Amino acid sequence: MTDPKRPAAGPTWAQVCKECGQPHGGQENHLYEYQDEVDDELVCHICLQPLLRPMDTPCGHTYCFQCLGNFLREQDFCPVDRQRLQLHQCRPSSLLVRNLLDKLSVTCPFQAQCGQSMQRCDLQPHLHNSSYKE
Ligand SMILES: [Zn+2]
Ligand SMILES: [Zn+2]
Ligand SMILES: [Zn+2]
Ligand SMILES: [Zn+2]
């Protein structure tokens, strides 16, 4: 960490998730730097971040797949209205919603070298085409 030759620009490619380019645990959601304020409708009520792999509940709520899965491992109700809920009752959100989420602007996590912004769905291909992978 104190190596003076390394720029103080966060983790290296080897240390980060290959999908979002940020360091996080395997059971955790990907991390993104969002450019703009995101509409409340597109925010997960568990992690309070824009939804990732959104799942709709029968009671009309939407959560990230990962957040809901983790929550329902311990509980058997919807975190917002406490209606009884099991994961198999939930369905992926509509394509419309998933597309809206994919279009959110995020910033490349390699701020020092790049810092470009792009649509969320374009970040992974961007990372894989870039030269950070050393
Ligand atoms: Zn990730
Ligand atoms: Zn979430
Ligand atoms: Zn609910
Ligand atoms: Zn970049």
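This is a predicted model: local features need pLDDT of at least 70, side-chain atom pairs count only at pLDDT 80 or more; totals for chains, interfaces and linings use all residues.
Tyr 32 touches Cys 20, Val 106 and Arg 120, if residues up to four places away in sequence are not counted. Tyr 32 lies in the segment before strand 1.

The segment holding Tyr 32 leads into strand 1, and strand 1 belongs to a sheet. This sheet is open, has three strands in the order 1-5-6, and is paired in the antiparallel sense. Strand 1 (33–34) and strand 6 (117–119) are its edge strands, each pairing on one side only. Strand 1 and strand 5 (residues 105–107) run antiparallel and are joined by two bridges. One position shows the pairing in detail: Tyr 34 has Val 106 in strand 5 as its bridge partner. Helix 3 (residues 120–128) packs on this sheet and touches strand 5 and strand 6. The direction of helix 3 makes about 115° with that of strand 6.

The protein chain contains three helices and six strands. Along the sequence they follow the pattern β-β-β-α-β-α-β-β-α. The chain has 134 residues, of which 16% count as buried. Among contacts between residues at least 6 apart in sequence, 39% join residues at least 24 apart.

The loop between strand 1 and strand 2 is the next stop. Leu 48 is found in this loop. The phi angle of Leu 48 is near 60°, a positive value in a residue other than glycine. Leu 48 has 8 other C-beta atoms within 10 Å, so Leu 48 is exposed. Arg 53 is placed in the loop between strand 1 and strand 2 as well. Its phi is near 45°, again a positive value in a residue other than glycine. Arg 53 has 17 other C-beta atoms within 10 Å and is therefore partly exposed.

Leu 52 also has its place in the loop between strand 1 and strand 2. With 19 C-beta neighbours inside 10 Å, Leu 52 counts as partly exposed. Leaving out residues up to four places away in sequence, Leu 52 touches Asn 29, His 30, Cys 64 and Gln 66. The C-alpha atoms of Leu 52 and Leu 101 are separated by 7.8 Å, although the two residues are 49 apart along the chain.

Strands of a sheet pair through backbone hydrogen bonds, either parallel or antiparallel. Here an open sheet of three strands has the order 3-2-4, with antiparallel pairing. Strand 3 (62–64) and strand 4 (91–92) stand at the edges with a single partner strand each, so one side of each is left without a neighbour in the sheet. Strand 2 (residues 54–56) pairs with strand 4 in the antiparallel sense over two bridges. Within this pairing, Asp 56 stands opposite Arg 91 in strand 4. Helix 1 (residues 65–74) packs on the sheet, where it touches strand 2 and strand 3. The direction of helix 1 makes about 95° with that of strand 3.

Which residues of helix 1 are buried? They are Cys 67, Leu 68 and Leu 72. These residues cover an arc of only 115° around the axis, which puts them on the same side of helix 1. Strand 2 and strand 3 are included in what covers them. The face of helix 1 turned away from the buried side carries the exposed residues Arg 73 and Glu 74.

Notes. Residues are numbered from 1 along each chain as its sequence is written. Chains are lettered from A and ligands numbered from 1 in the order in which they are written. Two strands pair if DSSP finds at least two bridges between them. Helices (H or I, at least four residues) and strands (E, at least two) are DSSP runs, numbered from the N terminus. Two residues are in contact if their C-beta atoms, placed from the backbone, lie within 7 Å. Axes are lines fitted to C-alpha atoms, for helices over the stretch in contact, and angles run from 0 to 180 degrees between N-to-C directions. A residue is buried if 20 or more other C-beta atoms lie within 10 Å of its own, exposed if 12 or fewer, and partly exposed in between; C-beta atoms are placed from the backbone. The arc is that of the directions from the helix axis to the C-beta atoms.
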